[in-house]
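Have the structure open as you read.

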Amino acid sequence: MMSAIRFGRSRVKVQVVSAFLLVYVVVLFRVQASAQSAASPGTPESKPKADVIFVHANVYTGVPATSQFSSILREEAIAVRGDRIQAVGKNVEIEKLKGPQTMVVDLGGHFVMPGFNDAHLHLADAGLQRLNVDLTGVKTLDEFRNRVLAKVEAAKPGDWILGGGWDETIWPVKTLPSRWDLDEVSGGHPVFLDRVDGHLAVANTRALQLASVTIASKDPQGGMIDRDENGQPTGILRDTAQHAVRVVLPQPNYEKRRKAIEAALADLAEHGVTSAQDYSPEWENFQIYEEIEKDGKLTARISAWLPFDEPIEDLKKKRDSHPQTDLMLRTGMLKAFMDGSLGGHTAALLEPYADDPKTSGLPRYEAAKLNEMTKERVLAGFQLGFHAIGDKGVQMALDAFAEAEKAAKEAKVKGANGGDDFRLRIEHAQVTTPAQIARFKELKVIASMQPGHLLTDMRWAQDRLGPKRAATSYAWAALLNKGVTLAFGTDYPVESVSPFRGLYAAVTRKSENGKQEYYLEQKLTMDQAIAAYTTGSALAGFEEKEKGKLVPGMLADFVVLDRDVTAASAEKVLATKVLRTVVGGKTVWEVK
């Protein structure tokens with residue numbers, strides 16, 4: 001009996017202890033779970049604190065929204081840690097990421113969007129044009145000559161007078177200038193001045209003499225020397241014919257190059273351009289970019305294109321000379337020119353010009369040579385971008401791309417980023433046929449276009465093309481509706497670097513004064529135009545995982561504007577001002 005009692009008491013004691021231990025384990029588990037929850041990266045209280053938070057903003061993230069009230073997701077604030085976006089959300093959520101050292105920037109309700117990624121520009125040329133004779137916007141031949149004369153009077157004996165930006169189509173008498181027009185004001189100085197598109201230039205007599213351009217000179221492949229009725233050169237040199245003068249030009253020294261590039265970078269920052277895909281082909285320009293980056297003064301991310309025609313071993317050395325992983329600066333695609341410009345009648349067309357039936361433009365390559373060079377460079381792992389304005393130039397590019405992609409796939413060669421997507425590009429693509437647009441889609445070719453060109457070109461584009469070709473020119477909507485990636489840029493300094501001019505052109509296809517329009521069926525929505533300037537340009541540069549949207553993990557590149565361009569009237573979009581430009585979380589420009 002006593003042993004049974006002892007056994008019962010022992011059993012009770014064991015049950016009590018077991019119950020206590022069970023409660024202890026449950027409590028301990030809950031405490032640990034609570035602690036883990038508090039430390040979870042999903043809660044603002046536990047996340048590392050932000051370096052900077054931007055609050056009270058109208059943030060256009062670039063992410064498609066599910067709401068019926070908005071096509072793009074909007075937020076109120078952005079947190080930045082390092083050079084990337086840490087979080088995007090409501091003010092109250094983002095403010096929880098504020099720490100003792102966090103800088104807080106109140107944006108006062110202003111519109112914020114991803115930084116503009118200009119998919120096609122020329123930084124060095126833009127800066128040098130500012131330092132030389134800037135002929136942008138001159139309205140008459142007399143004004144053109146007066147600007148040259150002012151530079152001559154300040155020049156040292158024997159100095160070359162260089163510059164560019166002139167456009168005879170805006171003059172009352174739409175006649176190209178001649179060497180004799182320049183001789184009267186050049187005082188013996190050699191003079192060489194680019195047209196606004198860079199595909200024509202005018203040289204005076206002294207410059208032609210130094211370049212050995214005479215009545216006996218022959219037109220090169222892809223170029224033409226304009227002549228008078230006696231066969232004498234008039235001074236107008238089209239496309240590759242300019243090379244004879246360019247090889248004898250004095251090259252800008254280091255100080256002038258750097259000053260020019262810094263001026264162009266400042267222009268980008270002021271206009272909200274945070275990334276630039278740049279063709280400034282002299283290698284000295286890239287070396288200056290490297291120095292500016294080393295000095296901590298590079299205010300835009302640069303992808304520097306290389307010249308397609310250079311020997312392939314030289315191109316490989318340049319590609320390998322700088323880390324491709326550098327998010328501020330790297331070499332990018334190889335650029336080739338299929339033809340010239342529509343304004344200068346040198347863009348290569350399948351049929352003659354409507355306003356000059358004697359010419360169909362100037363193709364720059366024989367097809368067999370182009371196709372072989374294209375294949376060789378794609379097999380070497382380079383991305384390619386071909387300047388092609390006329391429909392014949394576009395056809396040359398598409399045919400070369402098709403052959404090169406076929407060879408690369410057969411050889412199991414990867415694209416420039418190590419993937420299966422080559423992302424070959426046609427730059428400008430201003431005149432296209434419906435069949436060519438379908439081929440863009442088939443080959444996954446990117447259309448890298450500059451909507452601002454239409455604001456200049458609509459004055460004469462239909463005259464050059466005739467109504468049938470004009471109807472499928474500058475065909476942004478047709479390309480986009482076919483599923484082709486659009487990447488927008490400006491072609492600065494051919495056009496202003498302002499992206500707002502391009503946005504206006506894309507959504508209206510009307511002149512800046514609203515009095516002229518051009519095939520309105522090809523216009524885009526504002527969301528589509530913004531995407532082409534941001535996500536489209538990022539994809540064209542293999543950087544869609546780094547930039548183009550304002551979401552956690554992306555680079556903190558964005559702009560603050562004085563108005564919501566998605567809500568403003570198209571006319572008011574033209575007047576948009578940038579209030580702040582942010583690259584990698586750092587403000588690189590701010591309105592004073």
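Buried here means under 20% relative accessible area, exposed over 50%, and partly exposed in between, with a 1.4 Å probe and protein chains only. Helices (H or I, at least four residues) and strands (E, at least two) are DSSP runs numbered from the N terminus. This is a predicted model, so local features need pLDDT of at least 70, side-chain atom pairs count only at pLDDT 80 or more, and totals for chains, interfaces and linings use all residues. Residues are numbered from 1 along each chain as its sequence is written, and side-chain values use heavy atoms, with hydrogens and water left out.

Let's start with helix α13, residues 434–443. Its buried residues are Gln-436, Ile-437, Phe-440 and Leu-443. Looking down the axis of α13, these fall within an arc of 135° (taken from the directions from the helix axis to the C-beta atoms), so they line one face of the helix. Pro-434, Ala-435 and Glu-442 sit exposed on the other side of α13.

What do the buried residues of α13 pack against? Contact means heavy atoms within 4.5 Å, and the partners are listed here:

| Element | Residues |
|---|---|
| β19 | 425–428 |
| β20 | 446–449 |
| α17 | 476–481 |
| α12 | 391–410 |

Next, the core. A nonpolar core is a set of buried Ala, Val, Leu, Ile, Met, Phe, Trp, Tyr and Cys residues joined through side-chain atoms within 4.5 Å. The largest one has 103 residues, and Phe-386, Ile-426, Phe-440 and Phe-488 touch the most other members. Helix α12 supplies the largest share of this core, nine residues. A second, separate core holds 17 residues, including Val-52, Val-80, Ile-85 and Val-88. Back to Ile-426: leaving aside residues up to four places away in sequence, its contacts include Phe-386, Val-394, Phe-401, Phe-440 and Val-445.

Zooming out, the chain has 21 helices and 24 strands. Of its 592 residues, 53% are buried. Its C-alpha atoms fill a box of roughly 140 × 55 × 45 Å, taken along the principal axes. Among contacts with a separation of 6 or more, 72% join residues 24 or more positions apart.
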